[in-house]
Amino acid sequence: MPPFPASALMARALAEARARLAQTPANVVVVNHVMGLYELAAIHLSAHPPRLMESALAIDAVACIVEGLGERLGEEFITLTEALANIRLAFVQIKGNVQPD
């Protein structure tokens, strides 16, 4: 039974995306994911009230990748290290301003 036209289009689009991804250096993809995790942490920190546990998880994930892979991340390593320090500082400041339940 042949696939529906929409299924064939989706399969083709997925194959094209995979081909493009295969041409992209792994460090570029990893850095993009780290920035997504950074943004996730910032979103949770800026919520009202801040969602500290969720933010901490995202910050810890950024730290695991940045500190674990280090310079293997390429030229963005220094920027990511600074971003990690900034989001950690923001977390501490916001946590200090949150009223306990």
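Predicted model: local features only at pLDDT ≥ 70, side-chain atom pairs only at ≥ 80, totals over all residues.

Leaving aside neighbours within four places in sequence, His44 is in contact with Pro50, Arg51, Glu54 and Ser55. His44 itself is found in helix H2, and with a relative accessible area of 14% it is buried, because buried means under 20%.

One of the partners of His44 is Ser55, which lies in helix H3. Ser55 has a relative accessibility of 0% and so counts as buried. When neighbours within four places in sequence are set aside, Ser55 is in contact with Ala41, His44, Leu45 and Phe91. Between H2 and H3 there is a loop, and Pro49 has its place in that loop. The peptide bond that leads from His48 to Pro49 is cis, with omega near 0 degrees.

**How the helices pack**

Two packed helices are described by the angle between their axes and the distance between the axes.

| Pair | Angle between axes | Axis distance | Crossing |
|---|---|---|---|
| H2 and H3 | about 155 degrees | 8 Å | left-handed |
| H3 and H4 | roughly 155 degrees | within 10 Å | left-handed |
| H2 and H4 | about 15 degrees | 11 Å | left-handed |

For H2 and H3, which pack at an angle of about 155 degrees with their axes 8 Å apart, the angle makes the two helices roughly antiparallel. On the H2 side, the residues that meet H3 are Val30, Val34, Leu37, Tyr38, Leu40, Ala41, His44 and Leu45, and on the H3 side they are Leu52, Glu54, Ser55, Ala58, Ile59, Ala61, Val62, Ile65, Val66 and Leu69. Sorted by class, this contact of H2 with H3 has 15 nonpolar, two polar and one charged residues.

What is the arrangement of H3 and H4 to each other? The axes of these two helices cross at roughly 155 degrees, and H3 and H4 are therefore roughly antiparallel to each other. The contact is made from H3 by Leu52, Ser55, Ala56, Ile59, Val62, Ala63, Val66 and Glu67, and from H4 by Phe77, Leu80, Thr81, Leu84, Ile87, Arg88, Phe91, Ile94 and Lys95. By class, the contact of H3 with H4 has 12 nonpolar, two polar and three charged residues.

H2 and H4 pack at an angle of about 15 degrees, and they are therefore roughly parallel to each other. In this contact, H2 takes part through Val31, Val34, Met35, Tyr38, Ala41, Ala42 and Leu45, while H4 takes part through Leu80, Ala83, Ile87, Ala90, Phe91 and Ile94. The residues of the contact of H2 with H4 divide into 13 nonpolar, no polar and no charged.

**The nonpolar core**

How many residues does the largest nonpolar core have? This core has 16 residues, and those with the most contacts inside it are Ile59, Val66, Leu73, Leu80, Leu84 and Ile87. H2, helix H3 (52-69) and helix H4 (77-97) each supply at least two residues of the core, and H3 gives the most, with six residues.

Not counting residues up to four places away in sequence, Val66 touches Val34, Leu73, Phe77, Leu80, Thr81 and Leu84.

**Two further residues**

Ala63 is found in helix H3, and at 7% relative accessibility it counts as buried. Apart from its neighbours within four places in sequence, Ala63 is in contact with Gly68, Leu84 and Arg88. The C-alpha atoms of Ala63 and Thr81 are separated by 8.5 Å, although these residues stand 18 residues apart along the chain.

Is Tyr38, by its relative accessible area, buried or partly exposed? Tyr38 is partly exposed, with a relative accessible area of 23%, and it lies in helix H2, which covers residues 26-45. Not counting residues up to four places away in sequence, Tyr38 touches Val62, Ala83 and Ile87. Tyr38 and Gln23 are 15 residues apart along the chain, and their C-alpha atoms are separated by 25 Å.

Notes:
Residues numbered from 1 in each chain as written. Heavy atoms only, no water. Helix = DSSP H or I, 4+ residues; strand = E, 2+ residues; numbered from the N terminus. Buried < 20%, exposed > 50% of the residue type's maximum accessible area, 1.4 Å probe, protein only. Contact = heavy atoms within 4.5 Å. Core = buried A, V, L, I, M, F, W, Y, C linked by side-chain atoms within 4.5 Å. Axes fitted to C-alpha atoms, helices over the stretch in contact; angles between N-to-C directions. Parallel < 35°, antiparallel > 145°, perpendicular 65-115°, else oblique. Left-handed = near helix turned anticlockwise from the far one by under 90°. Nonpolar A, V, L, I, M, F, W, Y, C, P; charged D, E, K, R; others polar.
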